[in-house]
Amino acid sequence: MKNKVLVKIYGRDYLLATEESQGYSDRLADMLNEKLRKAMTGKSELSRLDGAMLVALEALDEAYKNRQSIDNIRGQIKDYVEAADKAKAEAENVKKDCAQKLAKAEKQVSELEARCKKLEEEGRIAVQNASKIAAGTNLYMDKSNKQTEQIRELSTKLTTIEAEKATMNAAMKRVENEKAVLDGAMRKLENENKSLNEAIDKYEKGSAVFMDKADKLESENNKLRENMKQFERENAFLKEKINQLEAEKAPAVKQPSRVTLAGLTQNNSGKGNK
């Protein structure tokens, strides 16, 4: 339900129908009066309508610039959100790749450990067989020689196994180092994502404040437009009165004095103030 409030603008009373309170309307009227006084100070050639036009133009300029600032902030927020989404996707990809590499390395280690155990068991059995062959008789010399050759081959295999085991241990250390590096990268990406989320929250709050200011400025602009329409109606009324006065004076006076719109406006304003 709209309220009827009475405000005084530049010495003249106006009855407004608005949803706002009397106090809020009075504050708007005071702001408008202050702007009108600044616009009219030292410019006696300006009419009240001219002053209102200057104030309205200034308010529209301020509202337009605020709207541009809000649009720029929205664009920045959109860029931050896109950057955060991109960083999050990259972090997920890195995490997935690390998991795959770790699983592959663990599988390779398990296979190598099983292979080493098998070769060690074969070597142990071969050593046992070689010992039995060495303690045998000359009847088994040929067989002993063959077993000795097998022992040499197994020894070579054992040496190879040891070398492969050392290589695998080095590979495991490299995998552990890579995992540590990837864990550090993951923590860094999580911190950056947290910073981006905080920045997004901050800009969203700032955007809400600017939107509220923009809505208030738009409401003020609408009221200024209504005041301008009222000024135009008053001006038309004064012009009609001037024409009537000139028509009434024409037959009686030979050289009628010139009546200016500014003079009548000042007279009417003076009467209204009384």
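**The lining of the largest pocket**

Reply: The lining of the largest pocket divides into 14 nonpolar, 7 polar and 9 charged residues, where Ala, Val, Leu, Ile, Met, Phe, Trp, Tyr, Cys and Pro count as nonpolar, Asp, Glu, Lys and Arg as charged, and the others, Gly among them, as polar. This is a predicted model, in which local features need pLDDT of at least 70 and side-chain atom pairs count only at pLDDT 80 or more, while totals for chains, interfaces and linings use all residues. Residues are numbered from 1 along each chain as its sequence is written, and side-chain values use heavy atoms, with hydrogens and water left out.

A pocket here is an open set of points on a 1 Å grid over the protein atoms alone, where a 1.4 Å probe fits, with protein on both sides within 12 Å along at least five of seven lines, and lining residues have an atom within 4 Å of a point. The largest pocket holds about 700 Å³ of space, a volume being the space filled by probe spheres set on the points, which are joined across faces, edges and corners. Of its 30 lining residues, S219, E220, K223, L224 and N227 lie nearest the centre.

Helix 3 (141-249) gives the most to this lining, with 11 residues, and at least two residues each come from strand 1 (3-9), strand 2 (12-18), helix 1 and helix 2 (48-134). Helices (H or I, at least four residues) and strands (E, at least two) are DSSP runs, numbered from the N terminus, and along the protein chain the elements run β-β-α-α-α-α from that end.
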